[in-house]
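Please open the structure in your viewer and keep the selection tool at hand.

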Amino acid sequence: MIFNVERWDVSFVVRNILAMTSEFDSSFLAEDHTSATPLWWKAPPYGSIKLNVDGSFLRESRAISSGVVLRDAGGHWVHGFACKEGFGSIVEAELLAVRRGLEMAWNIGIVELICEVDSLEAINIIGSASSVLNTALRPILADIRSILSRPMNVQFTHILREANGVADCLAKKGHSLDVESVFWDEPHVELIPFLLDDLIS
């Protein structure tokens with residue numbers, strides 16, 4: 001077991017938190033809190049799925065890893081993923097996380113997607129029409145653009161790191177995996193504080 005902790009009934013915990021948050025002032029919930037850099041995680045509109053991705057970089061070893069999480073309009077966990085990505089740069093880790101997340105979404109049939117990334121540099125690279133000089137990034141970017149050419153609607157949003165806690169935790173866990181990658185159908189206990197922070201923000 002990756003996190004070496006006891007598993008909880010996560011669905012029960014999340015259902016109760018959602019019930020509490022549903023009592024918030026409806027006028028507040030109706031406001032548009034969308035911005036270029038959201039301060040907290042916000043559930044996507046109904047009919048869409050939100051993808052949060054993050055990369056992690058260890059300066060001394062230059063080891064990189066990625067973390068990915070998909071959640072629905074109710075804030076419920078859909079799927080999560082963490083992966084050791086070898087060695088490289090932080091930008092490479094961020095772009096690999098985007099590629100992993102887009103692949104995961106496509107493979108499970110998601111075509112309406114909001115992708116949140118806390119690296120503005122990665123978003124700018126993806127959106128740039130010019131070629132990338134860094135040869136290590138070129139194949140990753142080519143894969144991302146290939147996925148985006150498929151019949152799916154993806155909206156990229158830059159967020160602050162504080163609004164990306166779940167993906168950040170998964171990315172950091174990627175370094176300590178006993179295998180190359182791990183896929184989760186439901187969250188583990190170590191992620192619950194970050195999930196609850198997102199639900200009550």
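For the helix packing described on this tour, an axis is a line fitted to C-alpha atoms over the stretch in contact, and an angle runs from 0 to 180 degrees between N-to-C directions.

**Colour by confidence.** The model is a predicted one. Its chain averages a pLDDT of 85, and 81% of the residues score at least 70. Select residues 1–8, where pLDDT stays under 50 and the model has 18 contacts beyond four places in sequence. Next select residues 17–35; pLDDT stays under 50 here too, and the contacts beyond four places in sequence number 17. Where pLDDT is low, the predicted coordinates should not be read in detail.

**Select α3 and α4.** These helices span residues 90–107 and 120–127, respectively. At what angle do α3 and α4 pack? The angle is about 65°, and the two axes lie 9 Å apart. The crossing of α3 past α4 is right-handed. Now show side chains: from α3, display Val91, Glu94, Leu95 and Val98, which meet Glu121, Ala122, Ile125 and Ile126 of α4. Six nonpolar and two charged residues form this contact, with no polar residue.

**Select the second largest pocket.** Its volume is about 250 Å³. Of its 15 lining residues, Asp54, Gly55, Ile90, Glu94 and Arg161 are the closest to the centre.

**Colour the pocket lining by element.** At least two lining residues come from each of β1 (49–57), α3, α4 and α6 (165–174). Which element supplies the largest share? That element is β1, with four residues.

Seven of the lining residues are charged, five are nonpolar and three are polar.

Note on methods:
Residues are numbered from 1 along each chain as its sequence is written. This is a predicted model: local features need pLDDT of at least 70, side-chain atom pairs count only at pLDDT 80 or more; totals for chains, interfaces and linings use all residues. Side-chain values use heavy atoms; hydrogens and water are left out. On a 1 Å grid over the protein atoms alone, a cavity is a set of points where a 1.4 Å probe fits but cannot get out, and a pocket is an open set with protein on both sides within 12 Å along at least five of seven lines; lining residues have an atom within 4 Å of a point. Grid points are joined across faces, edges and corners, and a volume is the space filled by probe spheres set on the points. Ala, Val, Leu, Ile, Met, Phe, Trp, Tyr, Cys and Pro count as nonpolar, Asp, Glu, Lys and Arg as charged, and the others, Gly among them, as polar. A crossing is left-handed if the near helix is turned anticlockwise from the far one by less than a right angle, and right-handed if clockwise. Contact means heavy atoms within 4.5 Å. pLDDT is the predictor's confidence in each residue, from 0 to 100.
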